Amino acid sequence: MLLDIIAGARPNFMKISPIIAAIRKAASDGHDVSYRLIHTGQHYDKNMSDQFFEQLGIPLPDINLGVGSGTQAEQTAAIMIGYEKVIMERRPDLTIVVGDVTSTMACAISAKKLHVKVAHVEAGIRSGDITMPEEVNRLVTDSITDYFFTTSSYANENLERAGVQQERIFFVGNTMIDTLMANLDRLRKPAFWDQYGMESGKYLVMTLHRPSNVDDKDNLLSIIQTVMELAGEHKIVFPVHPRTRKNLDQTGFSDERLILTEPMGYLEFIYMVKNAKAVITDSGGITEEATVLGIPCMTMRNSTERPETCVVGTNELIGTDPKALIPAIEKLMSGNWKKGTIPEMWDGKAAERIINAFVTTLKPEPVYD
Ligand code: UD1
């Protein structure tokens, strides 16, 4: 059984790492299973891509489609064309896509049109905000998925409501958390820790890259100024996504407590989150990591596709108005942030469950034209 694993953008890499490890383990246990790793090239910088492969020990991709930057349609089209050629040269028995980035949707479409079965890892999550490209990607991908692997009961319910039969839904947990748990004893202190005299619990980590927060320079400036006004003695560590960099540089803002860095490696970033007082973010994945690490998390968005991080975790949706940071940071500083627990099935074994399902019961039948 040949499985194609698709990875394209930064949040995909930590999700495929345990899946590849589980395939290798199944093969070494004597199961007939092999894989091809296909990197679409949506993210291509050392900072956004290569260092995740190095740090997580992910094997080099078998194929790199090298699509690079572009508009949503340009990237989608280039990935579809590239992956279609790969399939036509040699058909896999199954294509595994993860998450909700453009590469996820584009490869699912190419596979399905060539009658290759599609498995979606992190299926069924919905923000309800159709203006996000990720929400379009989730809806399209799930409309053509054969095997739905889910991270939460909310995702199961969304899929059932959309008419997906229960026997195609597999509640397995969260592969991103598999990677988190597998690397907790390998975390690395970033080089700037000593340089800036960092101390555990004396800083906040901030990440922003959603268009609603970063594409308007004045809005971005207002967020940063508000955070700095409320931070007191705390430092703010802000690894800057390439999308955010241009506008941030134009604001010309600086403050000795504000530490701007390049996008960090996985091991350094998780080290920073684990030791932070809190996280301010507009990412989805980071709300999951903060929840598992028990670190207070403020999400600058109006919706989340991961409600479990708010209901049982440490995350709170505060919206995109910079003023909303005021009561949230005050609550944090007064020691009144909620505690939170770890969501059901987030136990580090999701990838094992996914691959076990394929080598034991599912065995996708190859479809030939
Ligand atoms: C993508 C994902 C988003 C994910 C984010 C994490 C989609 C629709 N969005 O958004 O879900 O949270 O990745 O990073 O797939 N760039 C570089 N170097 C790179 C990659 C990108 O400089 O290696 C630049 C691009 O030229 C572009 C900007 O960053 O100007 C945005 O990149 P893009 O991949 O289009 O989307 P992201 O905003 O990163």
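The questions and answers below go from the domains to their interface and then to the sheet.

Modeller: This is a predicted model, in which local features need pLDDT of at least 70 and side-chain atom pairs count only at pLDDT 80 or more, while totals for chains, interfaces and linings use all residues. Residues are numbered from 1 along each chain as its sequence is written, and side-chain values use heavy atoms, with hydrogens and water left out.

Colleague: How many Å separate the centres of domain 1 and domain 2?

Modeller: The division, whose bounds come from an automatic or database domain assignment, gives domain 1 as 2-174 + 346-362 and domain 2 as 185-333. Taken over C-alpha atoms, the centres of domain 1 and domain 2 are separated by 27 Å.

Colleague: How many salt bridges does the rule find across the interface of domain 1 and domain 2?

Modeller: The rule asks for a side-chain nitrogen of Lys or Arg within 4 Å of a carboxyl oxygen of Asp or Glu, and the structure as a whole holds 22 such salt bridges. Glu122 forms one with Lys15, the closest N and O atoms being 2.9 Å apart, and this pair links distant parts of the chain, 107 residues apart. Across the interface of domain 1 and domain 2, the number of salt bridges is 3.

Colleague: Which strands stand at the edges of the sheet?

Modeller: Strands here are DSSP runs (E, at least two residues), numbered from the N terminus, and two of them pair if DSSP finds at least two bridges between them. The open sheet has 7 strands with parallel pairing, in the order E3-E2-E1-E4-E5-E6-E7; within it, 6 bridges join E1 (residues 2-7) to E2 (residues 34-39), and Asp4 stands opposite Arg36 in E2. Each edge strand has a single partner, so one side of each is left without a neighbour in the sheet, and these strands are E3 (63-64) and E7 (169-171).

Conventions
Helix = DSSP H or I, 4+ residues; strand = E, 2+ residues; numbered from the N terminus.
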